[in-house]
Amino acid sequence: MIEKIFNCTRCGFCCHGETTVSLDEQDVANMQKCLALSREELIERYLRVTSGQIQMKIVDGHCIFYDKNIGCKVHLGRPWRCRQWPLHPALLKDGSNFSIIAESCPGLQNDMQYEEFSHLLKEILVQKEADGGWKVKL
Ligand code: SF4
Ligand code: SF4
């Protein structure tokens, strides 16, 4: 169903900037498993911890895992917020949030009526939360 409202073009825009998403402990464990690294090795090589908040390091203006030729180098172990993006619950609040996110994410289906889009998104978010993959507060 996701493909009705979102198809990632792999443009990489969301992996750029001076900060990244925050990782929770499950994200750290998933990434450790994916990369076969100890927690200490993972933090030393790829993460930064500031005031208890864990994010990925930034290199040349993008997440350390981003590669312009292959995209995300930790795709299977990426944080849940990366897996969820851009289908954030804030899109359900009003159409202006949708317009703002659609401007930066070409994968979002933006020729659909907002009502239809939000109906489909709500179904997807409920299902994803039930599956335990995304943390969603509707
Ligand atoms: S900005 Fe959107 S389309 Fe581009 S890589 Fe990120 S999720 Fe995919
Ligand atoms: S972990 Fe992957 S998807 Fe997430 S910001 Fe980094 S490169 Fe992008």
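Tutor: Domain bounds here come from an automatic or database domain assignment. That assignment gives domain 1 (17-78) and domain 2 (86-131). The centres of domain 1 and domain 2, taken over C-alpha atoms, are separated by 26 Å.

A word on the source. This is a predicted model, where local features need pLDDT of at least 70, side-chain atom pairs count only at pLDDT 80 or more, and totals for chains, interfaces and linings use all residues. Residues are numbered from 1 along each chain as its sequence is written, while chains are lettered from A and ligands numbered from 1 in the order in which they are written.

Now the sheet. Strands (E, at least two residues) and helices (H or I, at least four) are DSSP runs, numbered from the N terminus. Two strands pair if DSSP finds at least two bridges between them. Here 3 strands form an open sheet, in the order β1-β3-β2, with antiparallel pairing. The edge strands are β1 (22-23) and β2 (47-50), and each pairs on one side only.

Take β1 and β3 (residues 53-56). They pair in the antiparallel sense over 2 bridges. Ser22 stands opposite Gln55. Leu23 has Ile54 as its bridge partner.

Next, β2 and β3. This antiparallel pair has 4 bridges. Val49 stands opposite Ile54. The two strands, β2 and β3, form a hairpin with 2 residues between them. Ser51 lies in the turn, and its phi is positive, about 50°.

Look along β3 itself. A residue is buried if 20 or more other C-beta atoms lie within 10 Å of its own, exposed if 12 or fewer, and partly exposed in between; C-beta atoms are placed from the backbone. The side chains of β3 alternate. Ile54 and Met56 point to one face and are buried.

Met56 leads on to ligand 2. A residue is near a molecule if its C-beta atom, placed from the backbone, lies within 6 Å of it. The residues surrounding ligand 2 include Met56, Cys63, Phe65 and Val74.

Arg45 lies in helix α2 (residues 39-46). Arg45 counts as exposed because it has 11 C-beta neighbours inside 10 Å.
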